[in-house]
Amino acid sequence: MAKSWSYDTFKQSLAPDSENIVKTTVVLPQHVDVAGESKSGRGRRFYRPGFLSFIDGVLFRMAAVLSATAIVFSGLAYTALARHQPLQHHERANVKGTTFLNHEDPISSFLGRTFLQNNIPYLDIPDQLIQDVFYYRWTSLQRNLRYVTAGTGYMCTEFVHPVGYAKAFGTIDAAAGHQIDESRWLRDTAYGDDYIQLYTRGPADPLQYTQWILDAASRRAMVTGDSEFLANQLEDMMRVWHLWDPYFDSGAGLYYYQPVWDAQELSLPGFIADPDNKDWDLRKDGPFTYRPSHNAYMVANARAIVRASELAHNGLVQSQFSKIADDLEAAMYERLWAPEQKFFMDVIRPNNPNLTRLTGREQVGLFPYRFGIGLNESYAQPALDSMFDPQGFLAPYGPTTLEIRDPWFAATKPDPSYCCWWNGMSWPYSTGHTLKSLAAIYRSGVTNATSEQYHEYLQMYARTQQKDGMPYVAESHYPFEDTWSQDQSNHSENYDHSTNNDDVITGLMGVIPQPDDTLKISPIVPSNWTYFALENLAYHGHLVTILYDKDGSRYNAGPGLSVYVDGEKVHQGQDQSAMVAIPPPILAGDTRVNIAANPDGLGQYPTIDATFTYSADYSYEAIDGVVYYDHVPNNRWTDYTSPNKNDTLTVFFARPRNVSSVTLALYSDVARGGSVDLPGRIEIYGSGGLITTVDSNAQLLANDHNEISFGVVETTFVAVNLYRQSSTTWVGVCELEVWIPRPTGPTYFAVDAHLTGTNTKVLFDNSSTATNNGAVVGGVRSDSNVAFSGIQSDGGPAQLVLSYANLDDAATNVTVQVNQVAQKVLGLVPSKGKYITAKTDIGLAVGRNYISLSGGSDTAEVRFETLTISSI
């Protein structure tokens, strides 16, 4: 536990019978440097002490005096504030939907319901198991949406707690395609826009694992209707594509990678390469292998570039990548299709000059069909047969990742101490691919596939996604036992590594997005279903409702298929399928940015402090960009066991910011038998003292977002003072957010939370005049990378002006990268202790750009003040 300053924090402990909180003497704010907060069972987290500059300290002490004065008159002050700045809750998007279904009961048991109400469609089908999993999976996606930094925005995590092998901001690209597919149906398009650009323009690594990110981005554009967004990514998509050039074998015409980086360690190639288990790394990682999965992803990514180039009217690129995709697909048929096995097979690359295929059939051989590969009878029928073969991939909790008949198949983990076995376990990651392939095979019409078979697979998937009688998803599942095979506590819960709802929407419900202003509806439902409904589905910025009611008695909208767009009926017919016209897309406007988020820990700004933190909690988790309200896994700050009647959570910014609201994701577990509940009163402070108060919790939402609005104030910190309701309850915050309008330039500050380099950090320099507290980025050395994100542009040439100080006697160079591409080298001459400017011309893409400056001086201090961008 760590203690620091608080506004109006009581020194004495609460008496056990105390119910009313009464004000006494105010304790003035005093910054105390602490080493960190104890984390029970997780070691000790440390952050750099002494974050306050001299100017900050003066402001801080001034604020203390002002806040003391404000508290004396807080009753009078709040009377005015309550009238003019009431508590705000975000309303639903200003597009009219329908209300045929109950929108409250299906989500009543979930936490964070405002997000669900504002974002998800509603489902009504005869299969309660699939329906329950459908609603749960929106909450598992919600838990894995993370806000990283202002200017970069949102991403999807794979694990709710970051893992050591994750890349920038905790990204792991292995399932990014699944995550984009699943999140494309949320009404708020910022989640997908931000995440895609994190890979196409930002620092996320699209080469860590094999992936189909470009394909997912292309298909998502058909859901949002924002074709311009996709077209504007063309150059970036080509950059991502060419990162894979080193792994292309021109002789074989195929791409290769180790199975472990195809997201599948301990899979068949590793066992074949190391049959006697003499080389664990070889068995685990596998040898370089030409795989149906990886090469199908590359075909799909190439065709995504074709579509983007068509939208961008770039015929040359369109022609080039059409040929690339066709040639790669032809090589898959030639090299990976095994006529004797009637299956797409792996081919190990080392010591295999004849490119002899493996003989074992793996689930990855089913992946190509979802990307339109192999959709004729000779290829598709054997794949379909294998899916429903009890010695093939069919199992009660399958499908399996390796055919059951294979000698290397394992129904249980050979070594339970290791997490990830792909030689038999059932992985939702692969099931998501397989369901899409099954839907593609069914719709191709070249096999004997039935809608009942598709429902069987989707129901098997829903049956797998259970734990203790409730919907649940972890990493992998035993194929013949009703138990997850990889489900580590405080790690595997709500694992975001697969799709489910995208399969319900596009497969079962038959919503097939189109590249124009139409929507195709072609459900794959059992023949005995007499009703189904999908209500208020986001499509092209509109809300679409699809109702099928055989006799018209369930929804009272008429018999047969009814389709509504923005509350207006646009189709009525007896057939379950239809093609309907959709009005022109309504695209989202510019969004706000959260300046309190810090994805990299307390080594940089913004930072956070608390007067008291429970030993099992961590104040940093209130600004880590992750929002969920579970007891386990945990991600919150609470003052549980605090002796104080009220405690203060304070976020510090590197520079003065104009703010007009604070959003609190308030944690409560009293309904779950805990002792943390809503605060009885909230006070918000800034550099000028008390800003506003919330005197009652009547309007507060437990386990949800609460936005408290007020007039614009300039401040270097936001302090939230939370009062306990009683002597037996405490307070908690899962996330503290400060949303402001997106900066529009032309001058930008660095992304303080993501400064990389041994000594790179925010310093306070009295000679800097860019801000009134002298905040600059210092310690710029050869290993430094300083980012400026969210640089808005209409595209084309621009002038970059860097304000800097070079305290050396010699010039130093930094490389200017725009959207991960080095464009210029900027020479920084000695500045003799002053801040001067260096200029260069760069090219910007349309939309938001990510500019980074890499390098610096290892012999003297180099500091960055601001970056100014102007069109030429």
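Which hand does the link of Cys419 and Cys420 have about the S-S bond? The link is left-handed, with -100 degrees about that bond.

This is a predicted model, in which local features need pLDDT of at least 70, side-chain atom pairs count only at pLDDT 80 or more, and totals for chains, interfaces and linings use all residues. Residues are numbered from 1 along each chain as its sequence is written, and side-chain values use heavy atoms, with hydrogens and water left out.

**View 1. The disulfide of Cys419 and Cys420.** A search of the whole structure finds one disulfide (a pair of cysteine sulfur atoms within 2.5 Å). Cys419 is joined to Cys420 with an S to S distance of 2.3 Å.

View 2. Buried means under 20% relative accessible area, exposed over 50%, and partly exposed in between (1.4 Å probe, protein chains only). Cys419 has a relative accessible area of 24% and is therefore partly exposed, whereas Cys420, at 8%, is buried. Cys156 counts as buried at 2% relative accessibility. Cys734 is buried too, with a relative accessible area of 0%.

**View 3. Helix α16, residues 451–464.** Helices (H or I, at least four residues) are DSSP runs, numbered from the N terminus. The expected span of a helix is 1.5 Å times one less than its number of residues. For the 14 residues of α16 this should give 20 Å, and the end C-alpha atoms are 20 Å apart, which agrees.

**View 4. Burial of α16.** Of the 14 residues of α16, 10 are buried, so the helix is largely enclosed by the rest of the structure. Among the buried residues are Tyr454, His455, Tyr457, Leu458, Met460 and Tyr461.

Conventions: Helix = DSSP H or I, 4+ residues; strand = E, 2+ residues; numbered from the N terminus.
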